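Dear colleague,

Please find the structure below, with the sequence.

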Amino acid sequence: MALKSKKGVHSNMDLPPGRPNWLDSARSRPIQHELDDTDFRLMRALIAEGRASDVWLGDNVHLSSTAVARRRKILEETGYITHYSANLNVRSLGYGTLVVVSIELMSQAENVLQDFERAVLQSPSMRFCAFISGDTDFLMILNVQSLEDYDMIYRKELSVLPHVARIRSSFVLREVANRQIAPAILQSRP
């Protein structure tokens, strides 16, 4: 099936070998679809209710369910929608403490960065990790059960990461907002 957009026609035959589904293929190629107001309404509705049926979405974005299905497929294939997931209540799972960890490395040499990144991916407690600018090299976010749990994670996971010069931990006292995506991103553009 060909994907038609304003910038050209692409078929599933253009996908690299070993890419079995739309999720992987969408990440590996450039975006080929120009978004309109209806696409933005559809994405806002999906952010609010990811399991919504095409009929429900159609009622909410003023399209037929067939048109919704077609547009959703285009948004998936072009990489605007990369995956669907469930938002879990980590507090109910016993992980009510959120920790923000700043990590400074001894060096920013390529091999040091690579060693650290490979090691941090093996950390089972790591929820988010990013290489950032500024005084800190990496920012991590962890969900932990308690201060004692964090102490154990610090000793067994964080302190053994390679090339670490300094670790600073901050405990979140109260979440003010925790959005999946900033609303401004899904505002229609002129």
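Helix α2 (residues 37–48) packs with helix α3 (residues 54–61) at an angle of about 125°, and their axes are 10 Å apart. Please keep in mind that this is a predicted model. Angles of 65 to 115 degrees count as roughly perpendicular and those over 145 as roughly antiparallel, so α2 and α3 are oblique to each other. Their crossing is right-handed. On the α2 side the contact is made by Arg41, Leu42, Ala45 and Leu46, and on the α3 side by Trp56, Leu57 and Val61. Six of these contact residues are nonpolar, one is charged and none is polar.

The next item is helix α5.

Within α5 (residues 110–120), the buried residues are Val112, Leu113, Phe116 and Val120. They lie on the same side of α5, because the arc they cover around the axis is only 95°. The strands they pack against are β3 (97–105), β4 (126–131), β5 (138–144) and β6 (164–171).

Last, the backbone angles.

His62 has a positive phi, near 65°, and is not a glycine. This residue is in the loop between α3 and α4 (65–77).

His163 sits in the loop that runs between α6 (147–158) and β6. With 27% relative accessibility, His163 counts as partly exposed.

Regards

Definitions and conventions: Residues are numbered from 1 along each chain as its sequence is written. This is a predicted model: local features need pLDDT of at least 70, side-chain atom pairs count only at pLDDT 80 or more; totals for chains, interfaces and linings use all residues. Side-chain values use heavy atoms; hydrogens and water are left out. Axes are lines fitted to C-alpha atoms, for helices over the stretch in contact, and angles run from 0 to 180 degrees between N-to-C directions. Helices (H or I, at least four residues) and strands (E, at least two) are DSSP runs, numbered from the N terminus. Angles under 35 degrees count as roughly parallel, over 145 as roughly antiparallel, 65 to 115 as roughly perpendicular and the rest as oblique. A crossing is left-handed if the near helix is turned anticlockwise from the far one by less than a right angle, and right-handed if clockwise. Contact means heavy atoms within 4.5 Å. Ala, Val, Leu, Ile, Met, Phe, Trp, Tyr, Cys and Pro count as nonpolar, Asp, Glu, Lys and Arg as charged, and the others, Gly among them, as polar. Buried means under 20% relative accessible area, exposed over 50%, partly exposed in between (1.4 Å probe, protein chains only). The arc is that of the directions from the helix axis to the C-beta atoms.
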